[in-house]
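Let's take a friendly walk through a protein structure. Keep the picture in view while you read, and look for each part as it comes up.

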Amino acid sequence: MEKEGLGLEITELRLGLPGGSAPILVDKNEKKRVFSDISGDHDNSSTDWKLTQTKNQAVGWPPVCSYRRKNSFHEKDHLETSKMYVKVSMDGAPFLRKVDLSMHKGYSDLALALEKLFDCFGIGESLKDAENSEQVPIYEDKDGDWMLVGDVPWEMFIESCKRLRIMKRSEAKGFGLQPKGSDHRGNSKDVAK
Amino acid sequence: MMNYFPDEVLEHVFDFVTSHRDRNAVSLVCKLWYRVERFSRQRVFIGNCYAISPERLIARFPGVKALTLKGKPHFADFNLVPQDWGGYVQPWIEALARSRIGLEELRLKRMVVSDESLDVLSRSFTNFKSLVLVSCEGFTTDGLAAIAANCRFLRELDLQENEIEEKKNHWLGCFPDSCTSLVSLNFACLKEINLAALERLVARNPNLKSLKLNRAVPIEALQRILMRAPQLVDLGTGSFVLDRDSDDSETYRKLKATIQKCRSIRNLSGFLEVAPRCLPAVYPICLNLTYLNLSYAAGIHGSELIKLIRFCGKLQRLWILDCIGDKGLEVVASTCKDLQELRVFPSDPFGAGHAAVTETGLVAISSGCPKLNSLLYFCQQMTNAALIAVAKNCTNFIRFRLCILDPAKPDPVTMQPLDEGFGAIVQSSKRIRRLSLSGLLTDRVFLYIGMYAEQLEMLSIAFAGDSDKGMLYVLNGCKKLRKLEIRDSPFGDMALLRDVGKYETMRSLWMSSCDVTLGGCKTLAKKMPRLNVEIINENDQMEFAHEDSQKVEKMYLYRTLVGPRKDAPEFVWTLV
């Protein structure tokens with residue numbers, strides 16, 4: 001039977017090169033065929049490294065539960081990252097786009113990606129000099145508030161960002177952004193990290 | 001003769017019968033015993049929430065106080081079951097709330113729990129005491145806030161490995177000042193916590209015996225908490241790192257002194273973040289530990305692990321990462337003579353090689369720890385000779401789960417399948433109840449399992465076997481089999497349909513990426529109305545063209561008294 005892709009990409013293990021560039025997606029059908037070529041022949045030593053890597057990427061293998069995967073693998077070997085796709089809208093652009101926040105290391109990396117996505121300049125500048133730039137990147141956080149991008153540490157940002165918008169400076173006035181430095185949630189020293 | 005005793009006497013006798021299976025057996029003796037047993041039953045275990053309905057549970061056991069429910073199939077842990085498959089606790093809680101059941105304890109595993117369910121739960125049962133959620137999802141800290149605020153006599157809140165969305169609501173602060181009954185609190189799977197509320201909570205709950213912290217609790221706070229709770233038996237540390245800014249030596253000294261006062265600690269876990277130089281602070285309590293779980297402590301390297309283990313002479317259960325290495329396992333073998341359970345988890349899923357264990361470590365353990373009865377071992381490779389040696393050294397395995405990271409890998413020395421090795425294990429451990437196989441395996445291993453594993457209840461198979469014969473050996477031979485889960489193995493309709501009655505003696509069967517066809521599953525469903533035969537079909541519906549000859553990607557069948565479930569999503573087809 002011809003097995004079509006099952007749309008399980010979200011759950012597949014992927015090999016990502018260091019530096020966060022695009023992951024290599026192993027085609028599921030290819031894995032299946034490769035495996036059945038071997039299984040019937042017990043004299044074959046499965047020594048081919050590439051073959052080994054392919055087989056190791058079977059969905060749900062090794063059988064370690066997802067909670068443990070996310071929490072116990074060595075930081076540097078943490079190849080499986082949870083996807084953090086958020087919608088990005090840019091004033092004037094007809095279509096929204098999506099970015100995977102987990103693929104970026106920091107704000108400048110994200111700014112570059114956004115510039116490429118919308119084929120524009122100035123987003124990186126806006127992070128350094130918010131007052132004067134033409135574009136204002138803002139994001140909606142878990143509480144539904146619109147915040148200026150860049151204030152909080154990157155890790156905190158990607159945890160709380162629900163969507164992004166690149167606003168024109170002219171629209172920014174009166175939009176109701178939370179001012180930098182205030183903690184509108186009322187949290188203070190009590191909350192650890 | 002027993003008929004001449006009043007019911008109260010029977011009931012009193014049954015009070016001493018506590019295991020679920022024994023009570024089930026008691027209820028089958030005669031109508032009288034069934035009746036007395038049913039009214040006096042307080043603890044009910046439901047291994048598959050779709051096997052029965054809440055209404056029938058309530059009707060039969062009106063006195064139930066403690067309920068355990070399990071939802072998704074085991075392979076859901078490994079992302080083989082799509083989101084929204086099912087396993088909702090809501091209907092259970094609603095039904096129990098509507099009835100006059102005085103629920104006190106609820107334990108859920110692999111279920112979908114909503115904030116609303118938790119809210120209803122917290123308001124409906126005045127004596128509710130214990131909530132244990134394992135591998136559940138669907139709720140947020142709002143639900144936890146409801147539990148904290150409304151369950152006035154809460155003794156236990158145990159959250160193990162759940163996916164919980166965290167709102168900024170300080171749920172821990174919702175425990176009222178009058179809450180002083182806590183015995184067990186585990187929030188290790190959360191990312192944040194309100195520290196001040198935590199410290200106040202610990203201070204006013206002197207009966208706290210089990211406390212498992214999360215990453216957000218720094219070592220300084222741990223020290224303050226332990227000062228308040230030296231009576232702890234079970235401790236899960238959070239972060240075990242000294243801030244570079246703080247006065248290291250003073251903090252460390254205080255910590256060490258405080259820990260030394262905690263003479264009751266027998267179970268130690270956590271170390272979600274750890275600075276190895278802080279570890280010696282726990283050496284004094286290692287001497288009395290019976291359970292040590294360092295399987296989330298990715299920050300501890302092999303040599304530090306070994307230093308720690310050398311202090312743990314009384315250990316009975318050890319959960320660890322494979323960075324301990326074979327050498328480290330040799331140290332375990334020479335130190336932990338009372339060891340009964342060992343779990344070695346992979347620190348690197350793709351098996352880079354250096355941070356791993358092999359057959360050498362396992363043989364050493366079996367040689368040094370003859371009481372070993374429960375094993376979960378992720379390793380780079382395994383040999384038949386090693387398994388045979390292990391089988392000779394340890395004859396008491398109840399659980400034997402071996403996972404060779406490279407699927408279908410043969411014995412690297414002989415290039416043979418591992419049939420003989422596993423055969424030796426099942427032959428020597430006559431009481432084995434759970435077995436997980438890996439490595440290159442032919443039908444022969446199943447022949448051995450069918451012949452020798454008379455007590456086997458759960459079997460997990462992946463990338464194994466040659467033909468239907470393999471599966472048939474197991475179905476025919478293992479009379480006590482309850483759960484069978486198979487993936488990527490060449491078993492098809494012939495094996496599936498040979499003995500359809502067998503499945504009513506089991507809880508469930510999972511088969512994915514095998515050779516069973518839609519037609520075969522339909523035939524089975526037709527013959528066995530008291531099974532739900534579910535096909536999980538994530539393909540585009542149009543492409544899966546209802547061809548009977550088409551292989552089924554995922555099939556999950558289970559016995560049930562209540563027919564097809566009504567909450568199945570559109571990608572789950574229940575065949576009838």
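A residue is called buried when its relative accessible area is under 20%. Keep that cut-off in mind for helix H7 of chain B, which covers residues 141-150. Because 7 of its 10 residues are buried, this helix is largely enclosed by the rest of the structure. The model you are looking at is a predicted one.

Which residues of H7(B) are buried? They are B:Thr141, B:Gly143, B:Leu144, B:Ala145, B:Ala146, B:Ile147 and B:Ala148. The cover over these buried residues includes helix H6 (115-124) of chain B. Strands of chain B also take part in it, among them E4 (130-134), E5 (137-140), E6 (156-160) and E7 (163-165).

**Chain B as a whole**

Now step back from the helix. Chain B is built with 20 helices and 25 strands. Its radius of gyration is 25 Å, close to the 25 Å that the globule rule gives for 576 residues, so chain B is as compact as a globular protein of that length.

| Item | Chain A | Chain B |
|---|---|---|
| Helices and strands | 7 helices, 5 strands | 20 helices, 25 strands |
| Buried residues | 42% of 193 residues | 60% of 576 residues |

In chain A, the elements run α-α-α-β-β-α-α-β-β-α-β-α from the N terminus on. Contacts tell us about the fold too. Take those between residues at least 6 apart in sequence: in chain A, 50% of them join residues at least 24 apart. For chain B, 71% of such contacts join residues at least 24 apart.

**A look at the cysteines**

A disulfide is a covalent bond between the sulfur atoms of two cysteines. How many disulfides does the structure hold over all chains? The count is 0. B:Cys394, for instance, is in no disulfide, and its nearest cysteine sulfur, that of B:Cys369, is 7.5 Å away. Is B:Cys394 buried or exposed? With a relative accessible area of 0%, B:Cys394 is buried. B:Cys30, on the other hand, counts as partly exposed, at 28% relative accessibility.

Notes:
Residues are numbered from 1 along each chain as its sequence is written. Chains are lettered from A and ligands numbered from 1 in the order in which they are written. This is a predicted model: local features need pLDDT of at least 70, side-chain atom pairs count only at pLDDT 80 or more; totals for chains, interfaces and linings use all residues. Side-chain values use heavy atoms; hydrogens and water are left out. Helices (H or I, at least four residues) and strands (E, at least two) are DSSP runs, numbered from the N terminus. The radius of gyration is taken over C-alpha atoms; the globule rule is 2.2 Å times the number of residues to the power 0.38. Buried means under 20% relative accessible area, exposed over 50%, partly exposed in between (1.4 Å probe, protein chains only). Contact means heavy atoms within 4.5 Å. A disulfide is a pair of cysteine sulfur atoms within 2.5 Å.
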